[in-house]
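Okay, thanks everyone, let me get my screen up. I'll talk through a sheet, a hairpin and then an interface.

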Amino acid sequence: MIVRLEVNGERRLVDLPPLTRLLDALRGPLGLTGTKEGCGEGECGSCTVLLDGDPVNACLVATAQCEGRSVTTVEGLGALDGRARETGGLSLLQAAFVTEGGAQCGICTPGMLIAAEALLRETVDGANRKPTDTEIREAVAGNICRCTGYQRIVDSIAQAAALRRRVSPADWVRENLPFAKAEGTRGLL
Amino acid sequence: MKLFTYDAVSSLPAALAARRGTFFAGGTTLVDLMKLEVLTPERLVDIGSLPLTKIEATPARLRIEALARMADVAASHDVLRNYPVVAQALLRSASPQIRNMATIGGNLMQRTRCSYFRSVAEPCNKRVPGSGCGAFEGDNRSHALFGGGPACVATHASDLAVALVALDATLTLTSAKGSRDVPLAEFYLLPGSSPSTENVLAPGELITAVNATGGPRAARSLYVKVRDRASFEFALVSVAAALALEGGMVKDVRLAAGGVGTKPWRLAAAESALRGQPATLAAFEGAAKRSLEGAMPLSGNGFKTSLLERTVVKTLARLGGVS
C-alpha cells in the first residue's frame with residue numbers, strides 16, 4: 001500500500017503493508033532512527049511523534065492511518081526552531097534537556113521531547129503562558145523514564161518554556177533569575 | 001502477528017456491508033492485542049476515515065459520534081460545562097498519546113486489562129472459551145467485586161463507560177438493516193457462563209453514537225478515580241456521580257462504579273438510599289454502605305470494599321459541597 005505523508009516538513013512516500021507500524025516506517029524506509037522503541041505496546045511513550053501536531057505512540061499507529069497527514073519526529077525539532085543556530089542545531093527545548101540534565105541514557109528522550117514540544121506549542125506558543133508543574137507532569141505522564149526520577153525532565157521543560165516565551169529580556173530576567181530582583185537588571189542586560 | 005486482510009472503507013454503508021470483519025478505528029486496543037496474539041482477526045475493516053466525529057453537548061442533549069477522539073471530547077468546553085463527569089473520566093484515562101488516537105466507540109469496546117486475558121500462556125474463558133479462569137483463584141488484586149463468578153472475574157476497563165452509565169446514556173447501534181438505541185447499562189453483558197460474549201452487538205453492527213439527556217443532574221456530576229499511581233493507570237476503584245439538589249435535599253442521584261465490576265457497575269441501592277435525604281455527610285456515608293450490596297470479594301481484592309465505600313463518600317461530599 002502506498003502512503004503519502006509529510007515527515008518533518010518534507011513530502012515522503014512509502015510502500016508498505018498497511019498495518020506496518022509508523023515506528024517501523026520511520027526507522028526503516030524513512031531512515032529516521034531518532035524515534036525509539038521501548039515497550040512496543042503504548043505503555044512507555046519512547047516512540048512518541050507528532051501526528052498532525054498531536055503526540056501519539058508510533059508503535060500503535062498504522063502507517064495506513066497516516067495517509068495525507070504530517071508527522072514530526074525528534075529530528076524535526078531543531079529545524080523547526082528559529083533560534084536553532086544559536087544552540088548548535090538543537091531547539092531550545094533540546095538544549096534545556098542538555099543544560100538541566102533532562103537526558104541520561106537517552107532512550108526516553110526523543111519521546112519526552114516530542115510530548116513536551118506539544119505542551120509548549122499549546123501553552124507557550126498558543127497562549128503565551130508558561131505551563132504549570134501539573135500540566136508538565138500530565139503532558140509526559142505517558143512517557144516512562146527509568147533514569148532521571150523525572151524531576152530534571154520537568155525542570156528542563158519548565159526552563160524551555162521560560163526561554164521560549166515571547167517576553168521582553170527584562171521580564172525574562174526578572175522572572176527567571178531571582179537574584180536579579182535584588183541586584184537590579186542593569187548589569188545583566 | 002497472524003496474517004489478516006485489511007480494507008479501508010470510506011462510507012458508513014460500505015462499512016456496514018462488510019460482513020465478517022473486525023472494525024478498526026484508532027487502533028490503540030486492537031494493534032496491541034493483535035501483537036500479543038490475544039486477538040487474531042482475519043479481516044480488518046478500517047473505519048477511521050468515516051465522517052462520524054461530531055460532538056454536540058448542549059445543556060439539553062449530549063450526542064457524541066463514535067469516531068470522535070477521546071482528546072477532542074475531553075477538550076470540549078461544552079462537554080466540560082454540561083457533562084463534566086464525561087470530560088473528567090476521559091482526562092483520567094490512558095495517556096495524551098493514547099487519547100489523541102483512541103475513539104469514543106473504541107473506548108467503549110476496549111477489552112479487559114485482566115493479565116490472564118492478555119497472556120496467551122494462561123487459561124481464560126474470555127479468550128479461549130472453556131479453558132478456565134486463572135484469576136478466580138489466582139492473582140486477582142485488580143479484579144471484580146460485582147458481577148463475576150468462577151468463569152470470569154475480569155473488570156471492565158473503561159472510565160468513560162462508568163461516567164456514561166451515571167448519565168443514563170444510550171448507544172446508537174447501526175447495521176445494514178437500520179439503527180437502534182440501547183441503554184449503555186444493558187449494552188454490556190455479565191460474563192455468566194459465556195464470558196467471551198461481552199455485549200449485545202450483532203455481527204456487522206457498529207456503535208455510531210453515544211447519547212444522553214442533560215439537566216441539573218448531568219451538570220453537577222463528578223468522576224473520582226483511585227489508582228496505583230497518579231496518572232496513566234487503570235482504576236482500582238472509580239466512582240461517577242450525578243446529583244440533583246433542591247433546598248439542601250437530594251432530589252435525584254446516579255452512582256456508578258468502575259474497577260469493581262465485570263461491567264460498569266450502577267450502585268442502585270445506594271442511589272435509592274439517598275433519594276429524598278438531606279445532602280449531608282451522614283446521609284452520604286449511609287448511602288455508601290449500601291454500595292457494597294452484592295459484593296463478592298476474592299482472595300486478593302478485599303481492600304476494594306472499603307475503598308469503594310470511601311470513594312463514594314468522597315465523590316458525593318465534593319459534589320454536594322460538604323466536608
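So, which residue in strand 3 of chain B stands opposite Asp7(B)? That's Val45(B). Before I go on, the ground rules: this is a predicted model, where local features need pLDDT of at least 70, side-chain atom pairs count only at pLDDT 80 or more, and totals for chains, interfaces and linings use all residues. Residues are numbered from 1 along each chain as its sequence is written, chains are lettered from A and ligands numbered from 1 in the order in which they are written, and side-chain values use heavy atoms, with hydrogens and water left out.

Back to that pair. Strand 1 of chain B runs parallel to strand 3, residues 43-46, and four bridges join them. When I say strand, I mean a DSSP run of E with at least two residues, while a helix is a run of H or I with at least four, both numbered from the N terminus. Two strands pair if DSSP finds at least two bridges between them.

Zooming out, this is an open sheet of three strands in chain B, order 1-3-2, with parallel pairing. Strand 1 (5-8) and strand 2 (22-24) are at the edges with a single partner strand each, so each has one side without a neighbour in the sheet.

Further along chain B there's a hairpin: two residues link strand 6 to strand 7. Those strands, 170-175 and 178-183, run antiparallel and are joined by six bridges. One partner pair to click on is Thr174(B) with Ser179(B) in strand 7.

Now the interface. We have 30 residues of chain A in contact with 26 of chain B, contact being heavy atoms within 4.5 Å. Together the two chains bury about 2,000 Å², 56% of it on carbon and sulfur atoms. Buried area here is the accessible area, with a 1.4 Å probe, that two parts lose on being put together, summed over both. On the chain A side, Leu19(A), Leu60(A) and Gln65(A) lose the most area to chain B, together 30% of what that side buries.

For charges, the rule gives three salt bridges across this interface, meaning a side-chain nitrogen of Lys or Arg within 4 Å of a carboxyl oxygen of Asp or Glu. Among them is Lys35(B) with Glu37(A), where the closest N and O atoms are 3.9 Å apart.

And which elements of chain A give two or more residues to the side touching chain B? Strand 3 (48-51), strand 4 (54-57) and helix 5 (133-139). Strand 4 of chain A has the largest share, four residues.
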